[in-house]
Amino acid sequence: MTTTQLKVRSLLEELIERETGLNNENDPENFTIARDYALNKIKTHKFGRTNHFDVISRLDGMEEKFRVLATDALADALQSRVATLKELTDIGGANNFTPETLHLLLELSRDPIKYTRLEDLDLLNTDRTPEKELTWEDIIADDPLEGEIWDDVDFAAESSDAWSGDEVAVLPIRERLRRARDEAQTQISKPKKKKRRRDDEESDDDDDMDNGDVESFVVEGDHEGLEEMKDAQYWERRVEATDEEVDVALGGATRLDDVWLVSELQALREVIFMLLGHPCVLLKRGRDGDDCVVWIDPEELENRFALRHTSMKGFESILEWFSAKGTELNRIRAFTQTKEDSPEKQSFIAAIEEKLAELNQELITIEAKYVGQGSSQPVSLIALQSQLDPLIRPFASLCRIITNPPITSYLEQLYLSACALQSVNNIPSYIFIATIFFSCLRTYLRPIRLWMETGSIPLGGTGDFLIQCTKSPEGSAAETPDLGSFWHTQFSLRRTPHGSIAAPSFIHPIASRILATGKSVIFLSHLAPSSPTLSQDDTAYDLTYSSVCTSHLAPFSSLFLAAFNRWISARHHNISSRLRAHLFSSSTNLHRSLDALEFLYFSRNGHLFDQLSSTIFRKLDQKSAAWSDRFLLTENVQTVFQDHPCVDINRLRMSVKSGLFARPGSKDSLGRKSVHPLENVEITYQLPWPILNIVTIDSFAIYRSVFTFLLQLRRARYLLERTQKRAADKQALRIRQKLLWFTGVVVSYLTDLVLRPLSERLRKEMDKAADVDEMVTVHKRFVQDVKEQCLLGSKLQPIHRGIIAVLNLAVKFCRLQEGFHEGDKGGRDSRMRRREGSCSSDDEDMDGGSSRGSQASPSSRGASTVWGDAEEAEKVVGDIGGELDEQVAFVKDGLRGVSRAGVMPHLEMLAEMLEGYGAGWGE
């Protein structure tokens, strides 16, 4: 490994250790993986070297620019340094990174003419010689060690007694040293000398200071203060009771030698220590494995301590009150020490710690009033109890929230607790809990706000988030989201195993709006990628206690839900209004798509519908096998609607289910003998994907059912209108008139009294809808109303089958009249016998239709009659007339029965319309 590689490796190891904290000692495995990965990336990088010719060219261009702008001094400085750099190094060398450095400096440069100061270049002068360090040789050369002061002292010449006495032998040398020191520091030590002189005059130890004794610097301790502090420690120093205190403090039941009297100030400080979470002597901590419990031992308390001027029972009673409060505070403090990964729980703990800090500060302030210097505050445990009760009482509600099993989230428990406390007029505790609630709510709403403004589900901890992605995300390679069903299938509310929304109860009323807002943001990003994202000011509609709880008279739930609704509406209304504008724009015009569906499926334009159906019926009657070809049908329907502005014919298709009309051994495989085969004719209109999220694919089943019903009615009327009229046969004319009346009434009811009013109401409600969810709801209600009022609901199936049975009778009647007409031309009897072979297939079709009729209505009992002469034919016509009357009566009775039950009163109108049919056409 070369020197360069070793250097790179060393730099990478240092970088990894600084950024990740990993090194070869604490985690060698991960450290080696990170280092090898970084080395491999450096070796195999795809970035080329900087072109040194380009760098030199840019520097030359910069020099020329300086000279053009009349800054020759700056240009000369740049030219000289570039020339020096070329002399000192090979810029184009393989191992020379000077081009990269110069390129970096060029990229970082900003207006060098304005910001460059040539005088700063003097600071880079490398010709300056470093200052020479001061050595002892230089000092001695400047000031030789000459003179009496530097003479050596002959200690051996003096006796040991003289040396150990009063230091007379060394005194002249010390005097000379002090004199020399004073002369050298004359100017700088004048204030100090004056101060020392004043101190020497006031001090009684001047001689000791002059002689340099260490004892002169020792400060005497405050022995009296130490004794006072020891006296205050009653648990270390016993204060025995006197006979005068027996009656009050002890009640005469305890030996005086075993009792230590405690002053009320000492007991007060012990209580404050305990409330602060510190250990104390009067109150014990920890019991039965629970370290949070604060309790008193009555036996030990009676035998060891006593409070002056207070009975033992009273002393125990007040200590029990403080111990209960201390237990609650200890449980709360223990809860704050737990480790939580959820941001909501972390914010809950932080809010509790803030409240505990405020309580601790209040306790310290109270203690300072009693123990401060010159304090004249009367000492009383009862007064302390009264003073601390309003401060500590709110923590009892908080303790209950913490200690109860977490069936629901802490946020919901705080909300319910605030509502309950306000309802019982516990205002201090209500304010305390509500303040913590809003602190936690801010954290809980942060991911909800991110979802509502950007449509993003927060990374990490998504298992607790209100919204869940039901399909793979858009960027996933496994699955691409279907934009046509995006609104209904991509995202949903997270629910518990019991089916309720996995969120606090106050979220439930507006959870759907939260979901809709985020989906609207994503929907709009697909619909208009250039549209700006939603953003709100952090301070707008901020939910805090001061902004929400403006009155204590109004219920907290009402105040909060109103404010929360404003907070949601501020974001929901913004994005929903923008999305509605795009949905009603020209590119994805919702009204245009609804109009197209009405024209295609609901026969809004009767002329176009007749033109379309007549073409199909004409080919069907001509027995053309190609009538069901989907390409011809599509061409036909596109031709009919090509000039209509609402219909995009490129999205329009028409087809027939294959193999549904062919029957083995049947000469007529086209199904011309009833209206049931028309159920297989399907018309398909492909809506734009934004509209498909409102008009869902499931609703097209109802559209097709209405189209089929109208097509069947039109088929019967088409055949009746083309039936040859025979004036001599009054019975046939009466039946034909009844059938025309019946089909005309039903068609008028469907188109004029049901479909058109419902479509107009749909457009008005769509214009008023606030968001996509409301549009979807409006359309679902519209489709359901269409289904019920068009007699397509499950409860109205018998009535619908009765109407279809009447239409099948109309087809049978028309085929019979067609046979009479052909018989008049070429011998009716012979032709009837020739048609006898095909009559069985006709009967099969009719039986299939009758099987779908009402079980309560009469069957098509004349469907299998084969006639050979006119009398039999007339009998068949009479049977058709009788069955027609029975079927119509059944339909009217069914409509009235349902209407009178109060389920669908609108059906009474159809029954009344059917009452007038056949008037004036009696026997």
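The structure holds 33 salt bridges, a salt bridge being a side-chain nitrogen of Lys or Arg within 4 Å of a carboxyl oxygen of Asp or Glu. In general, side chains of opposite charge can pair when their charged atoms come close. Please note that this is a predicted model, in which local features need pLDDT of at least 70 and side-chain atom pairs count only at pLDDT 80 or more, while totals for chains, interfaces and linings use all residues. Residues are numbered from 1 along each chain as its sequence is written, and side-chain values use heavy atoms, with hydrogens and water left out.

Let me take three of these pairs. E13 and R35 meet through their side chains at 3.1 Å, N to O. E13 belongs to helix α1 (residues 3-20) and R35 to helix α2 (residues 28-43), so this pair ties together parts that are 22 residues apart in sequence. Helices here are DSSP runs of H or I with at least four residues, strands are runs of E with at least two, and both are numbered from the N terminus. R35 is buried, with a relative accessible area of 10%, whereas E13, at 22%, counts as partly exposed. Buried means under 20% relative accessible area, exposed over 50%, and partly exposed in between, with a 1.4 Å probe and protein chains only.

The second pair is R571 and E453, whose closest N and O atoms are 3.6 Å apart. It links distant parts of the chain, with R571 in helix α24 (residues 556-583) and E453 in helix α20 (residues 427-454), 118 residues apart. Both R571 and E453 are buried.

R761 is partly exposed at 31%, and E765 is partly exposed at 23%.

Salt bridges also form a network, which links D610, R714, R717, E721 and R722.

I turn now to helix α26. How far apart are its end C-alpha atoms? They are 21 Å apart, which agrees with the 22 Å that its 16 residues (606-621) should span at 1.5 Å a residue; the expected span is 1.5 Å times one less than the number of residues. Its buried residues include L608, F609 and L612. The buried residues of α26 pack against α27 (630-640), β7 (652-656) and α29 (700-721), where contact means heavy atoms within 4.5 Å. Following α26 comes K623, with a positive phi near 60 degrees.
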